[in-house]
Amino acid sequence: MLLISLVQAQSYNDTMFWGTYRPNLYFGTRTRTAHTLLTGLMWYGTTDINQQPWDNIRHTCEHDDNISGYAWHKHDGQTFGTQAVRDNLYNIIITTDFVKVPGDHPGGDWAVRITGTCIDADLPCDVTLGFYGALDGPGVVGFTSPDTLSGSTPELGDFKIKVRENEKNEYPEHVAPGHYQLPDTSKMNTLAFSLPGEQAWKIKDYYRAFSVQTAEKLMQQYKDPLPPVANLFYLQDSQERKGSIGLFQRAFSGDFEIEFAYISESQPHSKDYGDHLFGDALTKLLQERESAFDQKFESIFQLDAKHYPKGQQEFGKMLLSNMLGGMGFFHGTAIVDRALEGLETTEPIDFLDQVVDNEVDNDYFSDDDDFGSSTEKRTPNPQFEGPFSLFTGVPSRPFFPRGFLWDSGFDDHLISEWNADISRDILSHWAMLIDEEGWVAREQILGDEARSKVPEEFQTQYPHFGNPPTLITAFQRALDRFSSSQLGMEQTDVQQEHQQSRDQAAQFLKRVYPKFKQQYGWFKRTQWGEVDQHTTDQTLFGFRWRGKKGTHVLTSGLDDYPRAHISDTAELHLDLISWMAYYAKALGTCAKQLGFEEDAKFFEKDHKKLVQSLEALHWDPSSSSFTDVSFHGGSKSNAVHHGYITLFPMLLGLLPPDSPKLGALLDLIYDPQQLWSPYGICSLSKSDVFFGQGENYWRGPIWININYLVLQSLHNNYIAVPGPYQQKAQTIFKELRQNVISNLYAEYVRTGYVWEQYSCLDGRGARSHPFTGWTSLGLLIMTDKY
């Protein structure tokens, strides 16, 4: 059985070796290794100089590119994907069709077909395309023929990138005085040059510099009339034929089609080897993979069987596919400042002096400049650590193209429904980043490319700052599948394949359980709250997020959600103790499954104490709600701000179905003066003084991850269980589900995107887009997979 498992693991790793693991690009590939061959696509328009093509080279996904929609519409996460980018500025839709096949090298071969289609056929859509292979590590590449970039690295061995064009392609006409000596846009250019390996990702900057240099030279030489745009920026073939980067450049006029194939050459091949990755053979491959994707999608999600309209079925496929196509592999160093590590075992000192923070500064938080009031002062000491590797999904390809801890837990709910192997792989990567103390950085900014998207002052991570441990919700989902497989084994004759799958799940649980146990211990040691000094019951637990700055607690994931007005060491956070109670229960369940009886007893005891503490400390009878609390001068103060935080005991299933407190929370949810809207549950009550104020990030807008948790908890804990609130739970579930689905799809049709958040006043999408991290949970809502 061990041999079978090893063979299966190697097969999976081979399948996942290459991929579209550069989610920050419109299209790019790499391997899941530290030193890799990076490939990528660039293009710019050549119809009109006023389009300023030198400043509008498409490469990295950006919000301000005048692109009205882009997404992977079908992607299986392993061997196939098709994507469309609607570029309004250049009047063209760029489609990328990607496929992988077995080859000489264990990672196999792959091909991409790039198609350009004019949006308005009556208007020109001339573009120049660049496709490159760049080494991020040792090796060499060079052009051995006009259509072949050959290369070799210690890891990949010998390889080629070959190109073929559709014979129907048309090219810009050479319209200029006869004496002008201009680059010939009817021919493909090939350029080889070298950059340091750690600079390979900056190729767009160098490409732009080369193009501008060429254009300036020609404009000085030929001023009246100026040469055509296509000629101005078209580079000449380089005399240098080898380097660390090889670039194909091709100009097109109107619709076009061009294909690139990566071919491993560990073994000698005939001259025409690789034909199976071009033309009709490639078309057949793509059709087969697309058909397989459609069949698997329907077998799992059954949108057609549930009678969803065709448009919503395609929408569901996009939600899944852009999450899978948005998975990335990241490798590099991280900046960590451990100057304050360990001090909180005696005194919590992380909060700032009480000053009002800048409401506009909404995406990051700074370190504690004065390090609090402790007598032991320490100066900042940021250091590079690593390198580390991480395979994960990303929240947003243009704005957050890196791993975020609490986003990834939500993402895995959808990924695990599609492919349990990929789910376990991602969770394992995250688990291995948990250090010996149990800490993992909330934001994984690994390497120079990742840091280029983050302001320098916000790149440092602090090991006394946490983030919601949502990975444990994905871990719980894996536990549930494992438990179901055990039950099935007792009742039926399970085939060998089922047994092997169950063995893989058991090995996964044994591998990651110790890491999550470490993280749980880290939370208890570092995020504790002062309770014993303010209550007579010395058995109660309290917790407080470290890192609060003014009105922001970014470490909680809920950023500007209103908390206690004055920061204090005696402030206790409702959402954090709720997470801890859920965490203890999940670890206890896993310990029991794995036969760790002492651990199971420990976590069961912790869970009970945490739930007791939750109700004793955080329930406020006067407002009939759970709240954050703080203690001042021996008295307890409740921070009453009805919204997402209020709901956490229900969201995480910590309330029994007959609890009056559950009834109060359901009333709050369903009240249109509070949290209810026709588009989803608002993050903050419409009656709260902070509703819609300041940054307005978590002060009203609808977030799909929390709406998913509401529906998940209602579905799994309350609508099917007899009790005094069952009927109301069923009503809320049915109406909320429909509201969320309808608005998500309506906004996608209206804008071409799914969004980071939605207004609870008119349902309009806002902020980052496409946001196919946890907003993709809309597919699970459509299919009632909780």
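C61 counts as buried because its relative accessibility is 1%. Buried here means under 20% relative accessible area, exposed over 50%, and partly exposed in between (1.4 Å probe, protein chains only). C760 is buried too, with a relative accessible area of 5%.

This is a predicted model: local features need pLDDT of at least 70, side-chain atom pairs count only at pLDDT 80 or more, and totals for chains, interfaces and linings use all residues. Residues are numbered from 1 along each chain as its sequence is written, and side-chain values use heavy atoms, without hydrogens and water.

The count comes to 1 disulfide (a pair of cysteine sulfur atoms within 2.5 Å). C118 and C125 form this link, S to S 1.9 Å. The angle about the S-S bond is -55°, a left-handed link. Both C118 and C125 are buried.

Now the pockets. On a 1 Å grid over the protein atoms alone, a pocket is an open set of points where a 1.4 Å probe fits, with protein on both sides within 12 Å along at least five of seven lines; lining residues have an atom within 4 Å of a point. Volume is the space filled by probe spheres set on the points, which are joined across faces, edges and corners.

| Pocket | Volume | Lining |
|---|---|---|
| Largest pocket | about 790 Å³ | 38 residues |
| Second largest pocket | about 620 Å³ | 24 residues |

W201, G447, D448, E449 and A450 lie nearest the centre of the largest pocket. Around the centre of the second largest pocket, the nearest are Q476, D480, Y582, N716 and Y786.
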